[in-house]
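This report covers pockets, salt bridges and domains.

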Amino acid sequence: GLVIDGRTLAYALDPTLEDKFLALAKRCRSVLCCRSTPLQKSMVVKLVRDKLKAMTLAIGDGANDVSMIQVADVGVGISGQEGMQAVMASDFAIPRFRHLEKLLLVHGHWCYSRLANMVLYFFYKNAMFVALLFWYQFYCGFSGSSMVDQWYLIFFNLLFSSLPQLITGVLDKDVPAEVLIAVPQLYKSGQ
């Protein structure tokens with residue numbers, strides 16, 4: 001592990017030394033930046049995101065973490081004694097740090113699964129609709145006549161674009177939460 005304080009971090013984030021700092025940090029299992037300023041926190045996240053081309057997650061509980069949360073790809077705010085600034089700036093909010101495991105392993109896996117299914121659903125829905133319009137053009141001799149009234153198109157898209165998301169969002173849980181917590185390796189299958 002690497003523990004680095006704010007003063008040392010100021011030197012490590014110098015443009016001439018940041019590659020060496022990043023190489024050292026990559027060799028460690030964990031890196032802890034203590035007594036650092038909000039700007040330094042955001043610079044560390046930006047350095048990792050830009051140089052390593054990695055997806056970053058920032059977790060914060062106060063106003064001093066807002067810049068770090070906003071720079072990261074995914075921000076998690078913890079509501080607590082320091083106020084709600086981190087929660088307001090984050091993508092996800094949790095009441096306590098102990099809920100982070102469930103947020104990442106359970107809801108993260110379910111989100112991957114739902115998004116993958118929804119992308120396929122929309123692709124096939126639109127492909128079938130366009131194929132129907134294309135087939136109709138052969139039937140009417142490419143005259144440009146409208147196959148259906150505009151209201152039917154609105155109701156078609158409303159019905160087939162809203163109800164499946166609601167049903168999938170509420171009911172689609174491919175693996176129970178207890179199994180996802182017990183076997184964290186299942187998170188990678190979603191990716």
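## Burial and basis

A residue is called buried under 20% relative accessible area, exposed over 50% and partly exposed in between, with a 1.4 Å probe and protein chains only. By that scale Asp65 and Lys41 are both buried.

The model is predicted, and local features need pLDDT of at least 70, side-chain atom pairs count only at pLDDT 80 or more, while totals for chains, interfaces and linings use all residues. Residues are numbered from 1 along each chain as its sequence is written, and side-chain values use heavy atoms, with hydrogens and water left out.

## Salt bridges

A salt bridge here is a side-chain nitrogen of Lys or Arg within 4 Å of a carboxyl oxygen of Asp or Glu. The whole structure holds five of them.

The buried pair Asp65 and Lys41 forms one, with the closest N and O atoms 2.6 Å apart. Asp65 sits in the loop between β3 and α4 (66–71) and Lys41 in helix α3, so this pair ties together parts that are 24 residues apart in sequence. Helices (H or I, at least four residues) and strands (E, at least two) are DSSP runs, numbered from the N terminus.

Another salt bridge joins the side chains of Asp19 and Lys51, at 3.3 Å from N to O. Because Asp19 belongs to helix α2 and Lys51 to helix α3, the contact ties together parts 32 residues apart in sequence. Asp19 is partly exposed at 47% relative accessibility, and Lys51 is partly exposed at 41%. Both belong to a network of salt bridges that links Glu18, Asp19 and Lys51. The side chains of Asp50 and Arg49 also meet in a salt bridge, again with an N to O distance of 3.3 Å. Asp50 is partly exposed, with a relative accessible area of 30%, and Arg49 is partly exposed, with 23%.

## Largest pocket

Grid points are joined across faces, edges and corners, and a volume is the space filled by probe spheres set on the points.

The largest pocket has a volume of about 810 Å³. Its lining has 36 residues, of which Val31, Leu32, Cys33, Val45 and Met68 are the closest to the centre. Two or more lining residues come from each of α2 (18–27), β2 (31–34), α3 (38–52) and β3 (57–60), and α3 gives the most, with six. By class the lining has 20 nonpolar, eight polar and eight charged residues; Ala, Val, Leu, Ile, Met, Phe, Trp, Tyr, Cys and Pro count as nonpolar, Asp, Glu, Lys and Arg as charged, and the others, Gly among them, as polar.

Of its 16 lining residues, Val74, Leu104, Gly108, Tyr112 and Tyr187 lie nearest the centre. β4 (74–78) and α6 (100–139) each give two or more residues to this lining, and α6 supplies the largest share, eight residues. The lining divides into twelve nonpolar, four polar and no charged residues.

The domain assignment gives domain 1 (2–95) and domain 2 (100–190); such bounds come from an automatic or database assignment. The centres of the two domains, taken over C-alpha atoms, are 35 Å apart. Each domain gives at least three residues to the lining of the second largest pocket.

Key. On a 1 Å grid over the protein atoms alone, a cavity is a set of points where a 1.4 Å probe fits but cannot get out, and a pocket is an open set with protein on both sides within 12 Å along at least five of seven lines; lining residues have an atom within 4 Å of a point.
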